[in-house]
Amino acid sequence: MTETIRIEVDARGVATLTLARPDKHNAMNAAMIADLTEAAVRLGRDPAVRVVVLTGEGRSFCAGGDLGWMKDQMQADAETRAREARSLAEMLGALDRMPKPLIGRVQGQSFGGGVGLMSVCDVAIGVAGAKMGLTEVRLGLIPATIGPYVVARMGAANARRVFFSGRVFAAEEAVALGLLAHTVSADDLDAAIEAEIAPYLSAAPGAVAAGKALVADLAAPLDEAQVSLSIDALVARWEGDEAAEGIGAFFDKRKARWAESGAGG
Ligand SMILES: C/C(=C\C(=O)SCCNC(=O)CCNC(=O)[C@H](O)C(C)(C)COP(=O)(O)OP(=O)(O)OC[C@H]1O[C@@H](n2cnc3c(N)ncnc32)[C@H](O)[C@@H]1OP(=O)(O)O)CC(=O)O
């Protein structure tokens, strides 16, 4: 475990999992991806933990996949690229399957993979007016490994709108899309999270875990074929010119210049 996340467990068994790269808006690099995967498995197995709250330190919940890490994948060999893309899918799967209620405390901006994290929470509550979006297409990327979870949340019709436009929307719209349960003022966020936690603490842990597994199977059964498709889709983007231009433009702090064919990779 590195320094990318913090875990605190209180006497009631409420674990708070905090994304802790505030200077990078909590973007998920390789270390954070590994740490989150390990934490999901560990907290899921710990009988003392009853509920997990996922939050971010600083101004953002999570700005998505770390674009420096993604840039590295573009220079890497095919085996490394596939392994790194799979690590993202495995992290999302580990959080999604964690047999404890996972509550998202969305205190700031969330983009790309940050919206993916919200989508693997059982319930997420956000601050009114917070900005979010599936902004990947602005970077020459797509919501790939997060795709199955986000589509399950908002449905294909909504996903088409927000995936293909990459537009930024407010937390209120995220409620309508099914990403957030409701919004509150920043001052009321902790009270809202406490209110959400309380009933889980009196529920039978085994029943909660069984219910969570059943809902996951009934609502959006995710098989290895879908996971592989999403990994391949991410790797294909890393191999194309558009992501190099989009990510390059982000770090150069300029507007991306897309090829005019409209079919560029
Ligand atoms: C998971 C999958 C795909 C993705 O998630 S792709 C990533 C999608 N995310 C985004 O599009 C957000 C990118 N970030 C921003 O738009 C902005 O940084 C911000 C979050 C709106 C904040 O803007 P602000 O002007 O307040 O701050 P800076 O831009 O100066 O950022 C400060 C600092 O943080 C670094 N940073 C921000 N986001 C990222 C990031 N995603 N990756 C790496 N670094 C990031 C930024 O570079 C600055 O660093 P300095 O060193 O201080 O310059 C794929 C799948 O689904 O499979």
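The ligand is surrounded by 28 residues, a residue being near if one of its heavy atoms lies within 4 Å. The closest are Lys24, Gly65, Leu67, Thr135 and Thr145. The model is predicted: local features need pLDDT of at least 70, side-chain atom pairs count only at pLDDT 80 or more, and totals for chains, interfaces and linings use all residues. Residues are numbered from 1 along each chain as its sequence is written, and side-chain values use heavy atoms, with hydrogens and water left out.

Side chains make polar contacts (pairs of N or O atoms within 3.5 Å). A ligand oxygen is 2.7 Å from an N or O atom in the side chain of Thr145. For the side chain of Thr135 the distance to a ligand oxygen is 2.8 Å, and for that of His25 it is 3.2 Å. On its own the ligand has 1000 Å² of accessible area, and the protein covers 75% of this (Shrake-Rupley method, 1.4 Å probe). Helices (H or I, at least four residues) and strands (E, at least two) are DSSP runs, numbered from the N terminus.

Six strands form an open sheet in the order β1-β2-β3-β5-β7-β10, with mixed pairing; strands pair if DSSP finds at least two bridges between them. Strands β1 (5-9) and β10 (182-184) are the edges, each pairing on one side only. Within the sheet, β5 (residues 102-106) and β7 (residues 123-127) run parallel, paired over four bridges. Ile103 stands opposite Val123 of β7.

Definitions and conventions: A polar contact is a pair of N or O atoms within 3.5 Å; within protein, one must be able to donate a hydrogen and the other to accept it, and residues adjacent in sequence count only if both atoms are side-chain atoms.
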